[in-house]
Structure formats: C-alpha cells, structure tokens
Amino acid sequence: MRIFNAVTELRHYLDTDLKTSKGQSVGLVPTMGALHEGHLSLIKQARNDCDVVVVSIFVNPLQFDPSEDLHQYPRPAAEDKALCQAADVDAIFVPSPQHLYGVSYPSLSTVTQVVPPTSLTSRLCGRSRPTHFQGVATVVTKLLSIVRPTRAYFGQKDAQQVAIIKRLQQDLNLPGDIIVCPIVRSSDGLALSSRNRYLSALECQQATVLYKSIQAAEVAFQHGERSRDRLLKSAQAVLTTEPAVTLDYLELVHPDTLEPLQTVNTVGMMAIAAQVGKARLLDNTVLQAIDRPSHALERLPIIAIDGPAGAGKSTVARQIAHRLKLLYLDTGAMYRALTWFVLQQNVDPADEAAVARLLPQCKIQLIASVENDRPQPPKVMVDDQEVTQAIRSAAVTRQVSTIAAQVAVRRKLVEQQQQYGFKGGIVADGRDIGTQVFPDAELKIFLTASVQERAQRRYRDLEQTEQPLPAIDELAGSIAERDRKDSTRSISPLRKAADAIEIVTDNLTAEQVIEKIVELYEQIAGQLTASR
Ligand code: AMP
C-alpha cells in the first residue's frame with residue numbers, strides 16, 4: 001500500500017505507475033479518517049468494483065465552523081493505516097491543508113470555493129451549519145478532479161451530502177460515477193460514525209433512540225401510512241422517551257431534492273439530527289413502497305452475464321429475460337448500432353477523435369421484441385430508424401471491436417447501460433457487465449465453455465448457413481486468439497468478477513443453463529424480498 005501527501009505524487013502514481021488513463025478502473029473513497037466499519041463497507045465495495053482503490057483521509061477545515069470540533073476531531077493515523085492495509089487498499093492520500101489548498105488556513109478570502117444550490121444547502125443540517133456543504137462541495141470537487149476516479153463511494157448515512165454531491169457532479173460535469181452505500185449500524189441500531197468516539201457507553205445506548213424513532217416511522221409506512229404529520233408523529237413519540245437527546249431536526253423530505261413532503265407518493269426520506277453528549281449525530285431512512293421501486297437502493301435485481309465469445313451468452317440472456325419478465329439489455333447490439341452510425345457518416349472507425357465527436361449525435365434505443373411467445377433479439381433504433389438487421393452486416397461485424405475499444409465510446413455506452421439498469425430488473429450480457437457496468441449486480445454469471453466446444457458449436461452453426469466451412473482447428477485457433485485479445489485489451493478486459501458464479505457449459509444444453517440461472521435468480525429475489 002502506498003501513502004501520498006502531495007497531489008503531484010498521487011497523480012504521478014496514478015498516471016505513471018498504474019497507467020490508469022489506459023483503462024484501469026479507479027475507486028475513490030473520500031473520508032475524514034477515524035475509520036470504522038461504515039468506511040470499510042465503502043472500501044470493500046470499491047475493492048469489489050475497481051482495479052485500483054484510493055482512500056483519502058483529510059479533515060477538511062473548510063467544512064467546520066469556528067465553533068465546531070475541527071481540532072478535537074479524532075486522527076488515529078496508525079490505526080487508519082492498518083485498517084486500509086487490511087482492506088487491501090492500493091493507496092492512501094493524506095494531504096495537509098497546505099498540500100490540498102496551498103495555504104494552511106483555507107477560507108473564503110484565500111481559496112476558491114464551490115457553492116451548491118441553496119435549495120439543497122439551506123435545509124436540514126444546513127440550518128445549523130450554513131457553510132458546511134460549501135466546504136464539502138469544495139473538497140469533493142478537488143478530490144474528484146485530482147483522482148479522476150471511475151467511481152467515488154459515499155455513505156447514505158450522510159444523506160444530504162449525497163444529494164448535494166450527486167448534483168455537484170452533474171452540474172460541474174465532474175468525473176466518476178457516484179456510488180452510494182447503505183448505512184452500517186452497530187448491533188443495537190446506532191449508525192456508525194467517527195463522532196461516536198465522543199460518546200460514553202451510556203450515551204451510546206441513549207443515542208440508539210435516533211434509529212428507533214425513524215424505525216417507528218418506517219413501520220408505520222410499511223403499514224400504509226403516507227402522511228407527513230402522522231409519520232413524523234410516530235417517530236416523535238419514540239424520541240420523547242429519551243430526554244438525554246437534544247433534537248436538531250426530524251424531517252420528511254424527498255431524498256434527491258430535499259424538498260419537504262406532505263405525503264410520500266413514491267419515495268421519501270425521514271432524516272434526523274440530534275446532539276447526544278458532545279456528539280452531533282445523524283441518521284435517516286428511505287421510505288419506499290416495495291412494489292414501486294424507483295430508487296437505486298431498492299431496485300429490482302440485475303443479472304450480469306459475462307464470458308468469452310461463443311459461450312451462448314446472448315441466447316441464454318434473452319431467454320432468461322423472457323422467462324423472468326425482465327428487460328434484456330443487449331450491450332453488443334449497442335456497440336454495433338454505434339458502429340453502424342459511424343460507417344453511415346463515412347467516418348473512419350479507427351479515428352477516435354472523429355468517433356468521439358459523433359457520439360452526442362447518436363441516440364440508440366433498444367426495444368424488447370417477442371414473436372409467438374418466443375423472445376427475439378431486441379429491436380434496435382438509431383434516432384428514429386430501425387437498424388436491427390443492418391447492424392448484423394459483415395461491415396459492422398468487422399469494425400465493432402475497433403469501436404468498442406475506445407475510451408469515449410465505452411464511457412458513453414456504459415453510462416447509457418447504467419441508466420437502463422437504474423431501476424434494476426434487467427439481464428445484460430457482454431464482457432464487462434459484472435466488472436464495469438453493473439459491479440453491484442445481484443447475480444453475476446460467468447458463462448464459458450472450452451475452446452474446442454465453442455469451435456464445434458460455431459461449426460454446427462455454420463453448417464446451417466451457405467457459408468464455406470473452415471476446418472474445426474482453424475475455428476478453434478481463431479476463438480483462442482479472440483479470447484486472448486478480449487482478456488488482454490487495455491480497456492475493460494474480459495475478467496470473471498470475484499463474486500461471479502462460473503458455469504462451464506460444455507456438457508449442458510441451453511435449457512439446463514437457463515434453468516440453473518433462473519433458480520439462482522429466484523433464490524436471490526426471495527432473499528431480497530424477505531430482507532425488505
Ligand atoms: P466521514 O469520514 O465521516 O467524512 O465519512 C466518509 C464517508 O463514509 C462518507 O461518505 C460517509 O457517508 C461514509 N460513512 C460514514 N459513516 C457511515 C456508516 N455508518 N455507514 C455507511 N457509510 C458511512
């Protein structure tokens with residue numbers, strides 16, 4: 001594990017030692033240190049999703065008011081380092097204010113700051129901490145700009161921070177996807193926080209009333225209660241049982257806009273902040289009806305199927321989507337559609353800059369298609385033109401891997417694929433679905449077969465066509481070569497995700513493979529429903 005203090009050192013490591021610009025994914029976990037299981041859950045998710053994990057540890061003076069605990073904030077440097085080491089972190093970035101801001105005492109008069117919209121900063125914690133989120137937005141902008149991560153990880157515990165960072169990233173076009181991880185609690189429900197260190201054993205126990213109160217609202221909500229007043233009342237009734245807790249606010253708001261809600265129609269968030277002893281503590285719960293998933297934290301499951309060419313991924317994925325009434329996301333068709341568009345525009349597919357210029361003009365849409373109750377390849381539209389057949393032409397087939405290997409192309413299409421997956425309920429197949437597109441998929445399958453088996457299948461397919469038949473060994477040679485290229489290319493190489501289930505299909509029929517995956521999916525969907 002490497003430790004860096006200076007921005008230039010960290011950048012040199014990312015650019016030169018790791019060559020991250022060549023396609024290695026980077027996960028950033030920004031923290032203020034005094035690490036606990038909540039932080040470690042973010043690190044674990046980043047480790048699972050990304051090639052390189054960077055944790056920043058910085059107690060940011062800009063987000064503390066002069067009356068707050070900047071100087072008392074715990075800084076157990078050796079302990080934090082050991083925890084990062086044990087969590088297999090690649091690098092810790094531990095700048096001083098001087099390293100990060102160029103001055104030891106950053107303030108409005110000495111450094112540029114980022115001001116998020118007041119509609120987000122004036123509510124909830126913003127009422128008692130008016131400059132806090134400006135400090136948070138400034139430091140997060142700097143960290144995203146310095147590290148340029150593929151993904152940055154934040155905890156739902158700081159829900160207002162999450163809403164602000166999502167907007168900040170959108171409004172300033174900052175790099176990286178924002179990944180939000182669930183709240184980690186102690187066994188008695190208290191949300192873990194570095195500031196829990198300020199609490200005595202008795203205060204820790206008293207502080208559990210925060211969670212108990214929002215839980216009461218959650219129970220009322222699950223019994224059908226949707227009105228603000230009554231949801232708040234059920235939480236307040238529990239809160240009043242613990243006089244040691246001084247309430248700052250208890251609010252019902254929309255989790256993204258933070259607007260107060262009178263009724264929870266689709267989704268709401270009950271958020272609480274209170275002082276217990278020396279610590280200001282936060283907690284929240286997202287209220288959402290299970291049958292109306294519209295929030296990333298409670299979406300329908302995603303099935304990600306990866307594997308080498310010719311393993312039968314698309315046949316299996318399409319049938320599974322049909323059986324389970326999920327959307328089949330044919331990512332290969334999206335790369336083909338873009339290739340078709342590039343060729344239509346008479347642009348050389350190898351001219352990366354010209355392809356990147358075309359990207360904003362190409363609107364690709366996939367529409368599920370079923371005939372006589374049999375699932376068909378999805379209908380593919382580019383703008384308003386149907387190209388389902390056209391994208392299967394030999395010219396497109398020849399060029400699609402050149403297009404799919406380009407950074408700008410992958411960024412755009414992966415983003416679109418992730419949008420399709422926002423509400424879950426999809427089956428996607430490709431080479432990097434479980435590793436890059438949906439690293440948080442509930443079910444990841446790595447579908448493979450020996451080279452010989454895939455060569456024989458391809459041979460049988462060719463026998464059905466008019467095309468000339470090559471020798472089996474020749475087919476096997478080209479499949480092995482394609483495997484080598486797919487798994488060694490610098491952008492999103494084919495890899496089995498650590499948590500993927502490998503299915504070797506040599507001695508299985510497509511039906512047996514489908515059966516197996518459907519069974520796994522049903523187990524997972526059952527567990528998810530039971531845990532909600
Ligand atoms: P902090 O060090 O308090 O700035 O937190 C760093 C990151 O860890 C933030 O994104 C927090 O939301 C997240 N975090 C802190 N506590 C928890 C927790 N109990 N569960 C999940 N994430 C947390």
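Which strands, and in what order, make up the open sheet of three strands? The order is β12-β13-β14, and the pairing is antiparallel. This is a predicted model, in which local features need pLDDT of at least 70 and side-chain atom pairs count only at pLDDT 80 or more, while totals for chains, interfaces and linings use all residues. Residues are numbered from 1 along each chain as its sequence is written, and side-chain values use heavy atoms, with hydrogens and water left out.

**View A. The open sheet β12-β13-β14, with antiparallel pairing.** β12 (364-371) and β14 (385-386) stand at the edges with a single partner strand each, so one side of each has no neighbour in the sheet. Strands here are DSSP runs (E, at least two residues), as helices are (H or I, at least four), and both are numbered from the N terminus. Two strands count as paired if DSSP finds at least two bridges between them. Seven bridges link β12 and β13 in the antiparallel sense, and valine 370 stands opposite proline 375 in β13. The two strands form a hairpin with two residues between them, and asparagine 372 in the turn has a positive phi of about 50°.

View C. An N or O atom in the side chain of aspartate 158 is 2.6 Å from an oxygen atom of the ligand. Glycine 155 brings a backbone N or O atom to 2.9 Å from a ligand oxygen atom. At leucine 192, a polar backbone atom is 2.8 Å from a nitrogen atom of the ligand. On its own the ligand has 480 Å² of accessible area, and the protein covers 93% of that (Shrake-Rupley method, 1.4 Å probe).

**View D. Strand β16 (residues 443-448), with six of its six residues buried.** Buried means under 20% relative accessible area, exposed over 50%, and partly exposed in between (1.4 Å probe, protein chains only). In a regular strand the side chains alternate between the two faces of the sheet. In β16, Leu443, Ile445 and Leu447 point one way and Lys444, Phe446 and Thr448 the other way, and all are buried. Strand β10 (residues 302-306) pairs with β16 in the parallel sense over four bridges, and aspartate 306 stands opposite phenylalanine 446. β16 also pairs with strand β17 (residues 501-504), in the parallel sense and over four bridges. Here threonine 448 has valine 504 of β17 as its bridge partner.

**View E. Two residues other than glycine with positive phi, alanine 34 and arginine 148.** Alanine 34 sits in the loop between β2 and α2, where its phi is near 50°. With a relative accessible area of 2%, alanine 34 is buried. Arginine 148 lies in the loop between α7 (132-147) and β5 and has a phi of about 45°. At 48% relative accessible area, arginine 148 is partly exposed.

**View F. Cysteines in a structure with zero disulfides.** A disulfide would need a pair of cysteine sulfur atoms within 2.5 Å. For cysteine 204, the closest cysteine sulfur belongs to cysteine 125 and is 19 Å away, too far for a bond. Cysteine 204 is partly exposed, at 24% relative accessibility, whereas cysteine 362 is buried, at 1%.

**View G. Arginine 411 in helix α15 (residues 407-420).** Arginine 411 counts as exposed, with 56% relative accessibility. Its C-alpha atom is separated by 24 Å from that of leucine 10, a residue 401 positions apart along the chain.

Note on methods. A polar contact is a pair of N or O atoms within 3.5 Å; within protein, one must be able to donate a hydrogen and the other to accept it, and residues adjacent in sequence count only if both atoms are side-chain atoms.
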